[in-house]
Amino acid sequence: MGCQNELLVEQVCEIYEKISKLESLKPSEDVNKLFTQLVLTCMPPSPIDVTKLCKRVQEIRCKLISLCGEAEGLLESHFSTLLGSFHNPIVHLNLFPYFSNYLKLTQLEFNILTQHTTLVPTRVAFVGSGPLPLTSIVLATNHLTATTFHNYDVDPSANSLASHLVSTDPDLSKRMFFHTSNVMEVTSELKEYEVVFLAALVGMAKEEKKRVIDHLAKYMAPGAILMLRSAHGARAFLYPVVDACDLRGFEVLSVFHPTDEVINSVVIARKFLMPMHSLDQGLGISPLMLPCKCA
C-alpha cells in the first residue's frame with residue numbers, strides 16, 4: 001500500500017504543478033483536461049490518510065483545494081451564463097457536464113435525510129449555493145416539491161446568475177430565494193430552517209470550516225438537521241475533510257463515503273436539543289466524545 005500511496009501522491013503533485021502554471025482557470029481545453037486527469041487520479045477508493053502526509057504535500061493539498069474551488073466556481077459561472085440565455089433554463093440543465101453526478105449526489109443526500117427524519121422540511125437553507133445551485137434545484141424539482149429553499153452566497157454576481165435561472169419557472173421562482181450574505185453574519189434566520197446544507201467549499205481551510213460549523217451550532221434550531229459534504233481517501237486532495245469531532249454541538253447520525261463517480265462524502269448531523277454544557281451540568285457526567293481520529 002505504501003508504494004501505491006507514494007505513486008498517487010507523485011501523480012497528484014505533478015498535476016498540481018501543471019495546474020498552478022495555467023494562466024487562467026476558466027473552462028478551456030487545457031483546464032478541462034488537467035482537472036479531469038486530477039479527478040480520475042483521485043477517484044478510485046484509496047486507504048491514504050492525507051493528515052499523515054509530509055508538510056510539503058500538505059501545503060500542495062491546501063493550494064490544490066483552493067485551485068479546484070476557483071475552477072469549479074468559474075465552470076459554474078460559465079454554464080450558468082450559458083443556461084441563462086435560454087427562455088427556460090431549467091429544461092437545459094443537462095448541458096452542464098456534471099449534471100448526472102449532481103442527480104446522484106442529491107438522490108443520495110435525500111435518501112440519507114429520509115432515513116433520519118420522517119418530517120418533510122418546509123424550509124431548507126443551502127449555504128454556499130453559488131452561480132449554479134443544482135442541489136437546491138434538483139431537490140426542489142424531484143424530491144421536496146413543496147419545500148421553500150433559501151440559498152446563501154457571499155458573491156452578489158453568483159446570486160444574480162442563480163436567481164435568473166429560476167426566474168422564468170412558475171414553480172421554482174416562488175419557492176427559491178437568494179441571499180447575498182456571509183453565513184457568519186446570518187444569525188436568528190438560521191433558526192427558521194429544519195435542514196441546512198453546507199457546501200463543500202464553504203470554509204476550505206480546516207479552522208475556517210470549524211468556525212462556520214460552530215456558528216451554525218450556535219444559531220440553528222435545536223433538533224435541526226445539518227447536511228455536510230466532505231471527502232475521503234485520495235478525494236481529500238479535491239475537497240476539504242469534515243471529521244466527526246469538528247461537529248461540536250451536533251450529534252453525528254451518519255457518514256457515507258461513495259466509491260463511484262460521486263466525489264463528495266455525505267455527513268448528516270442533528271443539533272443537540274440543549275447546549276452541551278447544559279447536558280453536562282444536568283447529568284453530572286463528562287461531555288460526549290465521538291470516536292474519531294481527533295479524539
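**Labels and their cut-offs**

Author: Val-31, Leu-34, Phe-35, Leu-38, Thr-41 and Cys-42 are the buried residues in helix 2. Buried means under 20% relative accessible area, exposed over 50%, and partly exposed in between, with a 1.4 Å probe and protein chains only. They cover an arc of only 120° around the axis, so they sit on the same side of helix 2. That arc is taken from the directions from the helix axis to the C-beta atoms. The model is predicted: local features need pLDDT of at least 70, side-chain atom pairs count only at pLDDT 80 or more, and totals for chains, interfaces and linings use all residues. Residues are numbered from 1 along each chain as its sequence is written, and side-chain values use heavy atoms, without hydrogens and water.

Reader: Which exposed residues does the face of helix 2 turned away from its buried side carry?

Author: Glu-29, Lys-33 and Leu-40.

Reader: How do you know that the span of helix 2 agrees with its number of residues?

Author: The expected span is 1.5 Å times one less than the number of residues. For the 14 residues of helix 2 (residues 29-42) that gives 20 Å, and the end C-alpha atoms are 20 Å apart, so the two agree. Helices are DSSP runs of H or I with at least four residues, strands are runs of E with at least two, and both are numbered from the N terminus.

Reader: What makes Asp-171 and Arg-175 a salt bridge?

Author: The rule asks for a side-chain nitrogen of Lys or Arg within 4 Å of a carboxyl oxygen of Asp or Glu. Here N to O is 2.7 Å, and the pair qualifies. By this rule the count comes to 8 salt bridges.

Reader: Why is Arg-175 called buried, and what is Asp-171 called?

Author: Arg-175 has a relative accessible area of 8%, so it is buried. Asp-171 has 36%, so it counts as partly exposed.

Reader: What separates Glu-207 and Lys-210 in helix 8?

Author: About one helical turn, because they are 3 residues apart. Their closest N and O atoms are 3.8 Å apart, and they form a salt bridge. Glu-207, at 46%, is partly exposed. Lys-210, at 23%, is partly exposed too.

Reader: Which parts does the pair Asp-214 and Arg-248 tie together?

Author: Their side chains meet in a salt bridge at 2.4 Å, N to O. Asp-214 lies in helix 8 and Arg-248 in the loop between strand 5 and strand 6, so the pair ties together parts 34 residues apart in sequence.
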